[in-house]
Amino acid sequence: MSGLSRLLKESWTLVEEQQDKLASYFYARMFLSNPQLRDLFPVQMDVQRARLLGAIVTAVQSVEDPERFDEYLSSLGRDHRKFHVTPEQYDVVGAALIEALRTFAGDEWGPEYDQAWRDAYAAIAQTMIKGAENDADKPPYWHAEVLFHERRSRDIAVLTVRPLAPLEFRAGQYFSLECRYQPRLWRVYSAANAPRKDGSIDFHVRSVGAGWVSSALVRRVQPGDMLRLAAPMGSMVLDRRSTRDIVCVAGGTGLAPIKALIEELTRYNRTRWVHVFYGARDRDDLYDLPALNRLANSYPWLSVVPACSDDFDFNGEQGNLNEVVARYGPWQDHDFFVSGSPPMVRSTLRTLAEMQVPAMRIKYDAFGDL
Ligand SMILES: Cc1cc2nc3c(=O)[nH]c(=O)nc-3n(C[C@H](O)[C@H](O)[C@H](O)COP(=O)(O)OP(=O)(O)OC[C@H]3O[C@@H](n4cnc5c(N)ncnc54)[C@H](O)[C@@H]3O)c2cc1C
Ligand code: HEM
């Protein structure tokens with residue numbers, strides 16, 4: 001571990017157990033020194049409170065792994081254009097962070113720690129600001145009209161939206177979006193299609209428990225409503241140079257980016273076998289199986305294996321997705337795309353490691369913290 005990483009990790013242990021208080025203090029400092037910043041944040045900050053702070057701390061701790069994080073941070077900077085964030089505001093946030101750390105670390109906080117956090121934060125902010133500047137010719141966000149809204153099950157809806165201005169993205173990427181029923185609450189959703197000539201984009205949304213945005217998208221949004229979309233993010237995209245066969249593992253609405261990748265493959269693929277494992281708790285949640293089966297009927301290289309974990313009469317595979325994928329292996333020579341809830345992604349990654357699939361061949365998006 002380098003000196004900088006050691007200083008960052010060591011100093012974080014001084015405050016780690018007081019994260020809640022640290023977060024309140026951080027936001028209070030930030031809003032006090034720049035009251036306009038308050039307007040960017042949601043009215044209720046309870047669910048969110050630790051998110052921005054948590055994201056900054058994770059980024060700071062990873063500052064010495066630029067290969068993994070540069071692309072992520074550049075796209076996060078592009079995404080943050082939706083808040084019209086200025087470089088000066090990055091300074092305000094950085095100063096509030098250092099101030100909060102210093103306050104909660106107590107006597108053990110020293111100039112070395114202070115400098116380490118300043119340097120690491122400056123490097124991250126710089127990458128985000130550069131990412132934003134590279135997109136200066138694009139709108140900070142896109143207004144998009146909801147064209148269709150279809151309920152596919154009690155909790156799942158498929159929406160089609162059309163951005164009013166051209167919005168480029170790659171199959172497999174996701175967008176931060178906001179709807180008028182929950183102003184200022186932005187959540188990310190994966191595009192479920194490869195880019196189309198008419199620019200329309202599908203989203204597959206499952207409403208989770210007390211979820212603010214997902215409930216609104218499933219239960220309230222209607223055709224004619226406007227959404228706001230920020231710049232696309234994510235690196236779970238196809239490598240066109242790879243000649244390996246492909247395995248896709250999709251849990252629930254984790255199908256969205258996988259469907260986008262399949263759609264892209266339908267445009268050029270002739271040589272790569274593509275196996276899709278699509279899992280849900282019960283058959284009602286396999287909301288897009290008919291469409292997948294139609295694709296498999298049209299493209300001989302595509303096969304689809306549906307699986308249910310809690311539907312014992314289901315006429316298909318039974319069990320958790322990782323177990324089902326393991327039954328069909330070995331898979332050492334395949335490219336993998338994995339998408340779904342954090343527990344599903346975690347268990348699949350564990351199984352793939354046990355099956356000796358090289359980590360560099362696996363791309364994944366977890367719909368929450370892993
Ligand atoms: C890269 C990425 C891509 C994503 N793509 C999609 C997508 O295509 N389709 C889709 O439906 N979702 C997707 N998500 C998840 C989405 O971003 C939201 O997290 C989700 O819709 C919940 O938001 P909310 O505002 O409704 O809930 P919040 O208001 O944020 O959360 C409310 C409560 O629900 C809990 N909660 C949050 N998520 C879950 C969950 N999954 N299961 C159970 N409880 C939960 C929270 O802990 C909290 O207590 C994606 C997430 C990521 C990180
Ligand atoms: C290095 C600097 C920064 C990093 C790494 C960062 C990262 C992030 C991430 C990952 C999120 C999404 C959290 C989630 O919804 O899960 C987020 C949200 C947000 N960020 Fe940043 N950000 C940074 C700087 C800033 C700055 C300077 C501002 C401007 C004021 C800002 C404003 C916001 C706002 C308003 C949200 C929404 C929070 C919410 O909904 O509660 N961020 N940030």
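**Sheet and ligand shell in a predicted model**

In this predicted model, strand β11, residues 335-340, runs parallel to β12 and is joined to it by 5 bridges.

Trainee: Which residue in β12 is the bridge partner of S339?

Mentor: β11 covers residues 335-340 and is bridged to β12. The bridge partner of S339 in β12 is D365.

Trainee: Which strands stand at the edges of the sheet?

Mentor: The open sheet has 6 strands with parallel pairing, in the order β10-β9-β8-β7-β11-β12. An edge strand has a single partner, so one side of it is left without a neighbour in the sheet. The strands in that position are β10 (317-318) and β12 (362-366).

Trainee: What angle does the direction of helix α11 make with that of β11?

Mentor: Helix α11, residues 342-354, packs on the sheet. This helix touches β7 (246-251), β11 and β12. Its direction and that of β11 make about 155 degrees.

Trainee: Which element gives the most residues to the shell around ligand 1?

Mentor: β4 (187-190), β5 (201-206) and α7 (212-219) each supply at least two residues of that shell. The top contribution is 4 residues, and it comes from β4.

Trainee: How far is a polar side-chain atom of R187 from an oxygen atom of ligand 1?

Mentor: R187 is among the residues that come nearest to ligand 1, along with V188, Y189, H204 and S214. For comparison, a backbone N or O atom of V213 lies 2.9 Å from a ligand 1 oxygen atom, and a polar backbone atom of R206 lies 3.0 Å from one. For the R187 side chain the distance is 2.7 Å.

Methods
Residues numbered from 1 in each chain as written. Chains lettered and ligands numbered in written order. Predicted model: local features only at pLDDT ≥ 70, side-chain atom pairs only at ≥ 80, totals over all residues. Heavy atoms only, no water. Near = heavy atom within 4 Å. Polar contact = N/O pair within 3.5 Å; in protein donor to acceptor, adjacent residues only side chain to side chain. Pairing = 2+ DSSP bridges. Contact = heavy atoms within 4.5 Å. Axes fitted to C-alpha atoms, helices over the stretch in contact; angles between N-to-C directions.
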